[in-house]
Amino acid sequence: MIRRTQGRMRLCVCLLAVNLAFIWGNSLLPGELSGALSKWVHTFVSLLFPNGGEESQGHGLLRKLAHFSEFCALGALLGWLFAMLKKKKWAFIVPSMVCGCLAACVDETIQRFIPDRGPSIKDVGIDSAGVILGIGLLCLGYTIHQKKKKQFIIGGQLK
């Protein structure tokens with residue numbers, strides 16, 4: 001599906017490692033520190049978007065959106081990696097989803113052992129939904145790219 005080169009593979013694996021280090025690194029933070037970091041981000045976002053509500057409103061939503069976004073990026077990266085590794089056109093979807101959902105389970109398991117943190121099935125669902133959206137966005141982007149490429153070739157502009 002997606003053409004594999006050594007450089008693309010290296011880039012993808014490096015980005016995956018950074019993404020997972022960020023996700024699991026945040027899960028290793030004690031609850032008090034994680035809460036303080038989330039509060040700082042919420043305050044920063046509130047400065048960018050005034051009238052966003054009270055301090056208590058949106059804090060939990062911001063945390064869930066952060067989870068969703070991190071795992072959306074993970075889904076796209078896993079999709080990219082498996083698309084380069086698989087021979088059949090859409091064979092990358094299932095392994096990408098499985099690995100993404102496993103990463104979400106590992107993330108919540110890590111939190112089980114951190115002070116003032118705890119695992120949540122709801123978070124696994126949010127994370128998994130992010131993975132699925134990331135894979136979907138990758139598929140959409142690839143399909144659009146291929147259609148534009150095909151139109152360019154059919155239009156007689158490529159020699």
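Residues are numbered from 1 along each chain as its sequence is written, and because the model is predicted, local features need pLDDT of at least 70 and side-chain atom pairs count only at pLDDT 80 or more, whereas totals for chains, interfaces and linings use all residues. Side-chain values use heavy atoms, with hydrogens and water left out.

The chain contains five helices and zero strands, where helices (H or I, at least four residues) and strands (E, at least two) are DSSP runs numbered from the N terminus. Along the sequence the pattern is α-α-α-α-α. Of the 159 residues, 31% count as buried; buried denotes under 20% relative accessible area, exposed over 50%, and partly exposed the range in between, with a 1.4 Å probe and protein chains only.

The largest nonpolar core comprises 23 residues. Such a core is a set of buried Ala, Val, Leu, Ile, Met, Phe, Trp, Tyr and Cys residues joined through side-chain atoms within 4.5 Å. Leu16, Phe71, Leu74, Trp80 and Phe92 touch the most other members. Two or more residues are contributed to this core by each of helix 1 (6–27), helix 3 (59–85), helix 4 (93–112) and helix 5 (121–154). The greatest contribution is that of helix 3, with nine residues. In soluble globular proteins, nonpolar side chains tend to be buried together.

Phe92, one of these core residues, is buried because its relative accessible area is 0%. Phe92 also takes part in an aromatic pair with Trp90, and a search of the whole structure finds one such pair. Rings of Phe, Tyr and Trp (its six-membered ring) pair if their centres lie within 6.5 Å; planes under 30 degrees apart count as stacked, over 60 as edge-to-face and the rest as tilted. A pair of aromatic rings is described by the distance of the centres and the angle of the planes. For Trp90 and Phe92 these values are 6.0 Å and 40 degrees, and the pair is therefore classed as tilted. Trp90 has a relative accessibility of 37% and so counts as partly exposed.

Helix 4 has 20 residues, which at 1.5 Å a residue should span 28 Å; its end C-alpha atoms are 29 Å apart, in agreement with that value. The expected span is 1.5 Å times one less than the number of residues. The buried residues of helix 4 are Pro95, Ser96, Gly100, Ala103, Ala104, Asp107, Glu108, Ile110 and Gln111. Val94, also found in helix 4, counts as exposed because its relative accessibility is 56%.

The structure holds one salt bridge, defined as a side-chain nitrogen of Lys or Arg within 4 Å of a carboxyl oxygen of Asp or Glu. The partners are Asp123 and Lys64, whose closest N and O atoms are 2.6 Å apart. Asp123 lies in helix 5 and Lys64 in helix 3, so that the pair, 59 residues apart, links distant parts of the chain. Asp123 is buried, with a relative accessible area of 6%, whereas Lys64 is partly exposed at 27% relative accessibility. A further relation involves Gly130 of helix 5, which is buried at 0% relative accessibility.

On the surface, Leu37, Trp40, Phe44, Leu48 and Phe49 form a nonpolar patch with about 580 Å² of accessible area together. Patches are made of residues with over 30% relative accessible area and no salt bridge; like charges are joined within 9 Å and nonpolar side chains (Val, Leu, Ile, Met, Phe, Trp, Tyr) within 5 Å. Accessible areas come from the Shrake-Rupley method with a 1.4 Å probe, and for residues only the protein chains shown count as cover. Trp40 lies in helix 2 (residues 31–48) and is exposed, with a relative accessible area of 56%. Leu33, likewise in helix 2, is partly exposed at 48%.

Leu33 and Asp116 are 83 residues apart in sequence, and their C-alpha atoms are 9.7 Å apart in space. Asp116 is found in the loop between helix 4 and helix 5 and is exposed, with a relative accessible area of 67%. Most residues other than glycine have a negative phi. Asp116, although not a glycine, has a positive phi of about 65 degrees.
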